[in-house]
Amino acid sequence: MLGKDLIRAHEEARLVPPFSKSHPGLTPEQGYEGARALHAHRLSRGWKAVGRKIGFTNRTLWERYGVREPMWGTVYDRTLVLGKENLALVDLAGLVQPRIEPEICFKLRSSPSSPDPEDLISCIEWMAHACEIVQCRHPDWKVTIADCTADNGLHGRLVLGTPLAPKDLDRLPQAEARLFKGDRLVDQGT
């Protein structure tokens, strides 16, 4: 049932009541199960999965959205926008309440064999600055983590900058991203 609701909501690109309200007791795991139905539907229509997005990695956002854990979603060939010379035009058609988020993307050459940071760093083939266009089908962005897991991690588009060889990754926790609208700083984070 949730899977059908997700497919309809994505195809119609409209606001809907939170999935956690229309499916009382919805857990994050059940949300991912519903997202798998949307994923299978997309694959059956020729979409290709090209990566994953991890959301809510910035713990300072947890309070704002009432979440207590990260979540993930799938990036598809139809949602990935490759920038040219670090510029891109992004079609927002079909997105609901889009918002922009600065990101850092990594391409892994292999899966890490442990949670050790050095092991993870050795698996990185390249990194790139990026912007994700997230979306929310629920009024006023009022979501639970289960709503987010059901809705493919709120993924809309991923705009990828120029890939660079990884270096100085030990300094990554201190990296800062700043978002400007014209000349005005509108947000920043580490």
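Residues are numbered from 1 along each chain as its sequence is written. In this predicted model, local features need pLDDT of at least 70 and side-chain atom pairs count only at pLDDT 80 or more, while totals for chains, interfaces and linings use all residues; side-chain values use heavy atoms, with hydrogens and water left out.

Helices (H or I, at least four residues) and strands (E, at least two) are taken as DSSP runs and numbered from the N terminus. Four strands form an open sheet in the order 3-6-5-4, with mixed pairing. Strand 3 and strand 4 (99–108) stand at the edges with a single partner strand each, so one side of each has no neighbour in the sheet. From one strand to the next, the twist averages 30 degrees; for such angles, axes are lines fitted to C-alpha atoms, for helices over the stretch in contact, and the angles run from 0 to 180 degrees between N-to-C directions.

Two strands are said to pair if DSSP finds at least two bridges between them. Strand 3 (residues 80–82) runs parallel to strand 6, and three bridges join the two. In this pairing, L82 stands opposite L160 of strand 6. Strand 5 pairs with strand 6 in the antiparallel sense, over five bridges. Here C131 stands opposite V159 of strand 6, and E132 has L158 of strand 6 as its bridge partner. Burial is judged by relative accessible area (buried under 20%, exposed over 50%, partly exposed in between; 1.4 Å probe, protein chains only). Because six of the six residues of strand 6 are buried, this strand is largely enclosed by the rest of the structure.

Most residues other than glycine have a negative phi. W141, although not a glycine, has a positive phi of about 60 degrees. This residue lies in the loop between strand 5 (124–134) and helix 6 (145–150), and W141 counts as buried because its relative accessibility is 7%. N152 is likewise not a glycine, yet has a positive phi of about 55 degrees. N152 belongs to the loop between helix 6 and strand 6 (155–160), and its relative accessibility of 6% places N152 among buried residues.

Side chains of opposite charge can pair when their charged atoms come close. A salt bridge is defined as a side-chain nitrogen of Lys or Arg within 4 Å of a carboxyl oxygen of Asp or Glu. The structure holds six salt bridges. One of them joins R137 and D151, with an N to O distance of 3.2 Å. This pair links distant parts of the chain, 14 residues apart: R137 lies in the loop between strand 5 and helix 6, and D151 in the loop between helix 6 and strand 6. Both R137 and D151 are buried. A salt bridge also forms between the side chains of E63 and R68 (3.6 Å, N to O), and both of these residues are exposed. E12 and R14 meet in a salt bridge at 2.4 Å, N to O. E12 is partly exposed, at a relative accessible area of 42%, and R14 is partly exposed at 34% relative accessibility.

A disulfide is a pair of cysteine sulfur atoms within 2.5 Å, and by this rule the count is zero. For C131, the closest cysteine sulfur is that of C105, 9.3 Å away and therefore too far for a bond. C131 is partly exposed, with a relative accessible area of 25%. The sulfur of C148 has its closest cysteine sulfur in C136, at 6.9 Å, which is also too far for a bond. C148 is buried, with a relative accessibility of 0%.

I104 is placed in strand 4, and I104 counts as partly exposed at 40% relative accessibility.
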